[in-house]
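Okay, thanks for making the time, everyone. Let me put the structure up and walk you through a few places in it.

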Amino acid sequence: MKTIAIIATGGTIAGQGSASAYKAGEIDVDSIIASIPRINELARLHLISLYQKDSNDITARDWVELRNLCYALGHDDSIDGIVITHGTDSFEETAYFLNLTLDIRKPVVMTGAMRPATATSADGPMNLYEAVALATHPQASDAGVLAVFSDTIYSGRDITKTNSIKTDAFKMGEFGTLGYMRDEKVYLQNMPYRMHTYQSEFSTLEYDTLPKVSIYYVHADCDPKLLEWMLAHNDGVVLAGSGSGNYPDSIRRVLETNETSCVVVRASRILEGAVFDSNVFDPLRKTIPAYRLSPHKARILLMVGLAAGCDEERLRKAFETY
């Protein structure tokens, strides 16, 4: 029988209250495990309570601490795989950070819940059961960070929260899913092809603090003065542009006259599609296109790239690669 480390960080899966009124991160991981008797038939469990947080309170420093813990467990011969319980609101950001920076080959599976542990028909126990089952499966190795929700397997790179209340709250946009779970049985249909975990050039670095990167949201009549302030007070800025990373002329003029060292990435606030170089909106190439990454995931790649000392050419290549 394999040994799986379960790292608890709080979230709704550890919440207490009703589905419509609860506080996240109130219940310890031992109590959640106790509500799933058959989970001990899947693996020996090594339980670690790292945080008891609402995922909105997860910080970049927390990412680094979680990454370092996963790295240590990944190089511990007594551990065969890792499961992380996490709140759903910032779930995809943590998943993508780990996918970029974690230098291990063992399975890493994240999960959570949309209903608190004390709610009627709580979804957390089944999600956690299936996450442990996936972490014991040989095909989960070398796949990067994976996620399980509602009997579905997702890539840590592409998973996106698309619903604020349903238990089936996650999707991978137009790319579908990696596979499905049927109780403890794993049905992987696809595998991630983008560079991840031990393949990533960012996975062997030591992280302490991360550069400051913020997101500027483009909307009708958006304030160019706010963007000017952000450029002056950040190491990087991601534009959550309209359409394919578009913005008004007032924003284009700010970018073209920008003399700060702040690096700017153009992403889109749209769920599907991609952002490319644009001769119309960015003829002077003052920005780096985010391609398929959402603004909040583009922010993470920019933070990691800047921490690695990447120049503009390497950053452009990183956004094409990861």
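On the names, helices (H or I, at least four residues) and strands (E, at least two) are DSSP runs, numbered from the N terminus.

Quick housekeeping before I go on. This is a predicted model, where local features need pLDDT of at least 70 and side-chain atom pairs count only at pLDDT 80 or more, while totals for chains, interfaces and linings use all residues. Residues are numbered from 1 along each chain as its sequence is written, and side-chain values use heavy atoms, with hydrogens and water left out.

Phi of Ser121 is near 55°, a positive value in a residue other than glycine. Most residues other than glycine have a negative phi. Ser121 is also exposed, at a relative accessible area of 53%. For the burial words, with a 1.4 Å probe and protein chains only, buried is under 20% relative accessible area, exposed is over 50%, and partly exposed is in between.

Asp151 has a positive phi too, about 65°, and is not a glycine either. You'll find Asp151 in the loop between strand S7 (145-149) and strand S8 (152-155), where Asp151 is partly exposed, with a relative accessible area of 33%.

Now the sheets. Eight strands make an open sheet, in the order S4-S1-S5-S6-S7-S8-S11-S12, and the pairing is mixed. Two strands pair here if DSSP finds at least two bridges between them. At the edges we have strand S4 (44-53) and strand S12 (185-188), each pairing on one side only. On average, neighbouring strands of this sheet are turned by 25° against each other, direction ignored. Those angles come from lines fitted to C-alpha atoms, for helices over the stretch in contact, and run from 0 to 180 degrees between N-to-C directions.

Over at the S4 end, strand S1 (residues 3-10) runs parallel to S4, and seven bridges join the two. In that pair, Ala5 stands opposite His46. Helix H2 (residues 60-74) packs on the sheet, touching S1, S4 and strand S5 (81-85), and its direction makes about 170° with that of S4. Contact means heavy atoms within 4.5 Å.

The other sheet I want to show is an open one of four strands, S13-S14-S15-S16, with parallel pairing. S13 and strand S16 (288-289) stand at the edges with a single partner strand each, so one side of each has no neighbour in the sheet.

Let's walk across this sheet. Strand S13 (residues 213-217) and strand S14 (residues 236-241) pair over five bridges, with Ser214 opposite Val237. From S13 the chain goes through helix H5 (residues 224-233) to S14, in a right-handed β-α-β crossover. Right-handed means that, with the strands pointing away from the viewer, the path from the first strand over the helix to the second runs clockwise.

S14 is then joined to S15 by six bridges, and Val238 stands opposite Val265. S14, H6 and S15 make a right-handed β-α-β unit as well.

How many of the six residues of S15 are buried? Six of the six, so S15 is largely enclosed by the rest of the structure. Val263, Val265 and Ala267 point one way, and Val264, Arg266 and Ser268 the other.

H5 lies across S13, S14 and S15, at about 170° to S13. Its buried residues are Leu227, Met230 and Leu231. Seen down the axis of H5, these fall within an arc of 100° (taken from the directions from the helix axis to the C-beta atoms), so they line one face of the helix. Lys225 and Ala232, on the other side of H5, are exposed.

Last stop, Arg157. Arg157 sits in the loop between S8 and strand S9 (160-161) and counts as buried, at 9% relative accessibility. Its side chain makes a polar contact with the side chain of Asp158 (2.6 Å). A polar contact is a pair of N or O atoms within 3.5 Å; within protein, one must be able to donate a hydrogen and the other to accept it, and residues adjacent in sequence count only if both atoms are side-chain atoms. The side chain of Arg157 also reaches the backbone oxygen of Tyr322 at 2.7 Å.
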